[in-house]
Amino acid sequence: MKVAGKNFLIGHTALELREWATGSGEAAFRGGQIAGWIYRNNVIAPEEMKNLPGALRTKLAETFHAPGTAVADETRSGDGTRKLLLRLADGETVEMVLIPGGDDRLTFCLSTQVGCPVRCRFCASGRDGLIRNLAAGEILEEYLLGIHAAGNRRPDNLVFMGIGEGLLNFDELAAALEALTDPERFGMSPRRITVSTSGYLPGMRRFAELGREYNLAISLHASDDATRARLIPDPLRYPVEEILAEADHYLERAGRMVTLEYTLLRGINDRPSDAERLARLARLHHAKINLIAYNETGGGEFSRPPRNVIENFEKIIADAGAHVTLRVERGGESAAACGQLRRMHREGKEKEK
Ligand code: SAH
Ligand code: SF4
């Protein structure tokens with residue numbers, strides 16, 4: 001997919017680059033050199049590809065975005081999480097997050113769309129709907145800019161939990177995943193990559209058909225359809241039962257245990273009976289539960305449950321024998337929640353006008 005009239009250099013295979021080189025009147029081995037810069041050295045800026053002739057570097061820069069994306073801003077929170085605001089070639093913005101973990105681990109959280117068409121009522125990313133899909137090259141540039149920000153270090157894990165519903169941008173996401181896991185390109189293990197979905201069923205089916213060992217996380221948020229309907233608007237919401245049946249299929253096809261994400265919202269899905277039902281569903285479908293304490297995005301109708309309610313919710317699930325983890329982001333200081341940094345910037349810009 002082209003953006004602002006150009007393709008992206010990142011993502012091309014060595015073979016494609018060799019063909020491009022010969023088509024541009026250069027020796028084929030130049031394509032292999034370019035691939036080496038990208039996939040061995042994390043370099044895509046042609047001016048840094050020192051062993052290429054100057055004319056070829058100029059031609060690369062003219063032909064491709066290399067890169068098309070730039071870091072426009074960064075926020076840091078006390079726990080070491082860094083959030084980058086990325087400006088795309090056409091001026092749109094998305095976010096990517098670098099999350100340090102125990103044992104010196106590093107996780108990147110990537111976006112897949114500008115905005116989001118699902119428009120979950122509690123989520124800042126979907127507030128204005130979808131602006132456009134990201135190109136595979138833009139998803140890969142997020143990854144690369146994260147590597148550069150981390151001091152040329154590659155992440156241990158990748159999660160697609162930034163802005164957008166990746167399974168509604170299936171082809172570009174699949175192409176990016178292919179480049180990330182191809183041993184000849186970035187060579188990452190699919191077991192270290194997690195795609196999060198709001199439960200978009202047709203996309204989940206296609207994702208299973210890839211037959212790869214990617215992890216799938218499903219944003220369930222409710223164990224019954226009536227509660228879920230308060231959070232996710234109609235057109236893109238599917239029944240809980242069908243989503244869980246698809247989770248079973250995914251486990252069978254990919255051999256990976258699915259994670260059920262559950263954003264805790266005060267007075268909506270935080271009762272002890274909700275925890276009991278959720279634990280039962282998780283056990284029945286051999287899934288793990290990831291509780292996320294709601295991050296207030298400002299001006300909304302939702303709030304985070306009190307700490308004791310959250311802890312009790314987690315305890316009920318653990319006592320019922322289901323696998324559960326809890327994520328509490330300290331959102332206020334770092335604009336940590338999904339889509340918040342991008343929103344803050346746009347609102348700032350609007351105020352300047
Ligand atoms: N569209 C995909 C992936 C991006 S959202 C999905 O919905 O799964 C990633 C996760 O962030 C989802 O589980 C979503 O529910 C959660 N999220 C969004 N806004 C949030 C907020 N304000 N506080 C806490 N979690 C939020
Ligand atoms: Fe989109 Fe996910 Fe936000 Fe829902 S939670 S609006 S699916 S990004």
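Which residues does Ile-38 touch, not counting residues up to four places away in sequence? The points below take this up along with other features.

1. Basis. This is a predicted model, in which local features need pLDDT of at least 70 and side-chain atom pairs count only at pLDDT 80 or more, while totals for chains, interfaces and linings use all residues. Residues are numbered from 1 along each chain as its sequence is written, chains are lettered from A and ligands numbered from 1 in the order in which they are written, and side-chain values use heavy atoms, with hydrogens and water left out.

2. Ile-38. With that exclusion, Ile-38 touches Leu-9, Ile-10, Leu-17, Val-43, Ile-44, Met-49, Arg-154 and Phe-186; contact means heavy atoms within 4.5 Å.

3. Core. The largest nonpolar core has 98 residues, and Ile-38 and Ile-317 touch the most other members. At least three residues come from each of domain 1 (7–65) and domain 2 (70–352). Such a core is a set of buried Ala, Val, Leu, Ile, Met, Phe, Trp, Tyr and Cys residues joined through side-chain atoms within 4.5 Å. Buried means under 20% relative accessible area, exposed over 50%, and partly exposed in between (1.4 Å probe, protein chains only).

4. Domains. The centres of domain 1 and domain 2, taken over C-alpha atoms, are separated by 33 Å. Their contact takes 12 residues from domain 1 and 15 residues from domain 2. The bounds come from an automatic or database domain assignment.

5. Helix 4. This helix covers residues 136–149, and its end C-alpha atoms are 20 Å apart, which agrees with the span of 20 Å that its 14 residues should have at 1.5 Å a residue. The expected span is 1.5 Å times one less than the number of residues. Of the 14 residues, 12 are buried, including Glu-138, Glu-141 and Glu-142. Just after helix 4, Gly-151 takes a positive phi of about 80°. Helices (H or I, at least four residues) and strands (E, at least two) are DSSP runs, numbered from the N terminus.

6. Pro-305. This residue lies in the loop between strand 13 (288–293) and helix 10 (307–319). Pro-305 is buried, with a relative accessible area of 3%. Apart from neighbours within four places in sequence, Pro-305 is in contact with Leu-264, Leu-265, Arg-266, Asp-270 and Ile-310.

7. Ligand 2. The residues around ligand 2 are Cys-116, Val-118, Arg-119, Cys-120, Cys-123, Ser-125, Gly-126, Gly-164 and Ser-198, each with a heavy atom within 4 Å of the ligand.
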